Amino acid sequence: MCSTTRDFLVDVTSIPLDFVKTARANGMIELDISDMFKNRLVHQTIDQIGERIIKQILLGRKGKRLREIEETIKKEIGNDYLVIEPLAEKGCVIVYALQAHIQHAVDFVNKILKSKFQDLINAEKVHVVDLLKGYVKVPIEVKLLKGARVQSVKVKLQGSLLIQNNLDAEKIEAANESTYTLQHCINLTWMRRLCNGKGYVTFENGADFMRARKHSLKYIRMLGTEVFIEVSNRENNQLFVREIPPDTKCSDFKNAFKSLFPGIKIDVELMFQTAFETSVRELENLKKEIQKLCEEYTDLIDFDIVIPNPKPTATIMKAFINISNNEYLEHAAEQLTNLMIGGRKINSKPVYRSTIKCSTEICKALRLRFKEKLTELENKLRKNYIGEDLFNFDINAISEDTAIIKLLSNHNEIIKKLQRTVNDLLEGEVLSKQNMKEISKLFCHGGHIWLRTLEKTLNIYIIEDYKTKTIRLYGSQSDCNFAKKRIVEFLDDTENEALQTISLSAGRNDGILLKAIVREYGFNLERFIEICELRTAILDIKSCSLSLIGSQTSIENAENCLKKLYAQVDSVEIGNMLSSQETCPVCACPALNLPFRLEYCGHLYCHECITVLVEQAQFPIQCCAENCDKDIILDDINKILGDDQERINLLVEKAMKNYLEQHQLEVMYCPVPDCSMFFYKEEIHDTKLNCPLCQNDICVKCEVVFHQGYTCDMYQGSKNDPDYSFKIWQQTVSECKQCPRCKMAIERTAGCDHMTCRKCQAHFCWVCVQEFPTGAEVYNHIPFCKMYPKW
């Protein structure tokens, strides 16, 4: 035995025994071979061992571990007749020893392998999958076992992160403060800088100006007083007005002038007192004064007063009284109106705000629908709210893919109807199994490509919800109706589709076609489907077959494509494959081109075949060799995917979705169409929860975006009956009716049968609910009311 630090290549050639004996008899070699075959070694092979086990457990660094094992066994058997030969490329270990000791040596090696092997196959790993929406990221912990089996999926709500990505920080902060909630407050305004009695009215055209100038150099009654009008010398088509009341606002001045001259188009300008700063101390004093008014004149208990610091040029002072309960909101606002603060009269209005977050794409697609539906709602409301501001509707983008819809009104009934209108639009035109039985046929790559084409053609937005198997359409009513018609036609055409399964291992060499398909088109076959115009194509690795679904023409295209691909396979490659001995369990061909041996069972696969087997993700991922159903361990899965974190994450996401589908009765998904958040039902302990991903509030019972202002029964019933909520409330109140003019729900607690609606000021008889022009006429009617009880 010689020792050296250099490496040598030694060529060992076996010589037949008869040749050696003949040479010895003829004196050609001087070698005593009498004892050479006295102790003949026998061997046993330990099969199906993975490369990592052989290299790490048996060989160790530079073979040190193997030498230690051999020395230990030699001591136990009492001789040096032992050789252990690990063959990593063949997935086996050959043990050489005397016949008497061979079993002991093999058992010893097996014991070492098993002791470390269990740790390897039972390894588990926690991966983090990030659910992303706009600037929000919610991390999900997924614990994987062998075979990519999911042991648990945990939502790390405390770990929700904001991804800034150069977004406007103020927009993000404002958006986070305004999730889908209804904010109750009372808006107080009063004059900060009084009008100095002067103002200007500018007319858009000369004709209107000439019509109005007839009243110049005269006093006319306006704004509850006499004002003097004259022609302005500042610019053309302009009147100068003086002796205007000091507490006049620009809006009041403009409306008063328009009432004098209906149909005119004007701009107005009032002259105010000199601009001034408001100190922090003055703001605190105002806050105390408002709090005192609330305590003295209202029933408000839990409230908070906010007074923004105004700009020096601001003419109006604003304050907000935020309350947690809207029960006393309108009454409190009415009580505070016309009270005085700092010598100025207060104007008080209840304010209801609501915000909804959704996709910018949905908002773009619904732009015309929003305009149509909100105009329709405004026209309906205008009949009952004459001369009042109805609502504000605004959309602001807070990121590239997230927008926030802001709703505002001074009336609770209006904000609820506005919310309902917007919510119904945001749900989109929903297509599901209930209205289209064959809709599941669209949930494939061919269906996805067809829907994307339809989307571009009609300029609509389509959401495919794979978890609920529903499709949502967003766009104009006519475009959505046409899209539904096209989808129905597409599904009808699928009734005439053909299904054909092509075996890829029928002949001796046919297995190489599977390799060629994977190399050319990848395991998901998306490009193959698009080229051949198929609806779908599924590559079944375990049965080594290809299933095609589509029109007869598309299937013929696919068959021709496969024939061309098979003709291009290199004949040299086939010859090399047939010269190998170990075959791949998938394609039944000799395993070549970076073959991979599984650690758990030791079966050898072609690189393409084992890659497709893993990426197809039929959970649990198992070896498909005959009579072998062992899971592929996590270490193998990582190596098969090239330790590519992006590919690994994609597999983990598929494993998580598979786990959630298997536990769908235990899970509730966020109902927002483009949100992928989910919740475990056993962890929900309230009727309302906030989605950490899309930031919207959700009704747990109805599984919809939260219906603020409606009970669950009212919400469900009002889908088909707009007066349902009133009918339900009426059942709980003995003295309840609707105003005959504005339909406002009114509860009578005491008093006579003459009622005056607080909202529209209508006078009506409580008994027969008939409206009259004046209260006096109601009193004249009551004795003769046909429904009035007769004594």
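Contact, as the word is used here, means that heavy atoms lie within 4.5 Å. The structure above is a predicted model, in which local features need pLDDT of at least 70 and side-chain atom pairs count only at pLDDT 80 or more, while totals for chains, interfaces and linings use all residues. Residues are numbered from 1 along each chain as its sequence is written, and side-chain values use heavy atoms, with hydrogens and water left out.

The predictor's confidence in each residue is given by pLDDT, on a scale from 0 to 100; its mean over the chain is 83, and 88% of the residues reach 70 or more. Over residues 162–182, however, the pLDDT is below 50, although this stretch has 50 contacts in the model beyond near neighbours in sequence. Residues 574–580 also stay under 50, and for them the model has 14 contacts beyond four places in sequence.

The chain holds 24 helices and 38 strands, where helices (H or I, at least four residues) and strands (E, at least two) are DSSP runs numbered from the N terminus. Of its 791 residues, 45% are buried; buried means under 20% relative accessible area, exposed means over 50%, and partly exposed lies in between, with a 1.4 Å probe and protein chains only. Among contacts between residues at least 6 apart in sequence, 57% join residues at least 24 apart.

In soluble globular proteins, nonpolar side chains tend to be buried together. A nonpolar core is here a set of buried Ala, Val, Leu, Ile, Met, Phe, Trp, Tyr and Cys residues joined through side-chain atoms within 4.5 Å, and the largest one in this model has 91 residues, with Phe 528 and Leu 546 making the most contacts inside it. Leaving aside neighbours within four places in sequence, Leu 546 is in contact with residues including Ile 502, Leu 504, Ile 517, Phe 528 and Leu 562. Apart from this core lies another, of 49 residues, among them Leu 188, Cys 294, Ile 356 and Ala 365.

Leu 562, one of the contacts of Leu 546, is also one of the buried residues of helix H17, together with Ser 554, Ile 555, Ala 558, Cys 561 and Leu 565. The face turned away from the buried side of H17 carries the exposed residues Lys 563, Lys 564 and Ala 567.

Two further residues show how buried positions meet other parts of the chain. Ile 414, in helix H12 (residues 412–427), is buried with a relative accessible area of 0%, and its C-alpha atom is separated by 7.4 Å from that of Phe 391, 23 residues apart along the chain. Beyond four places in sequence, Ile 414 is in contact with Leu 381, Tyr 385, Leu 390, Phe 391 and Ser 409. Phe 678, found in strand S30 (residues 678–680), counts as buried at 2% relative accessibility, and not counting residues up to four places away in sequence it touches Leu 131, Ile 140, Val 153, Val 155, Leu 660, Val 667, Met 668 and Tyr 669.
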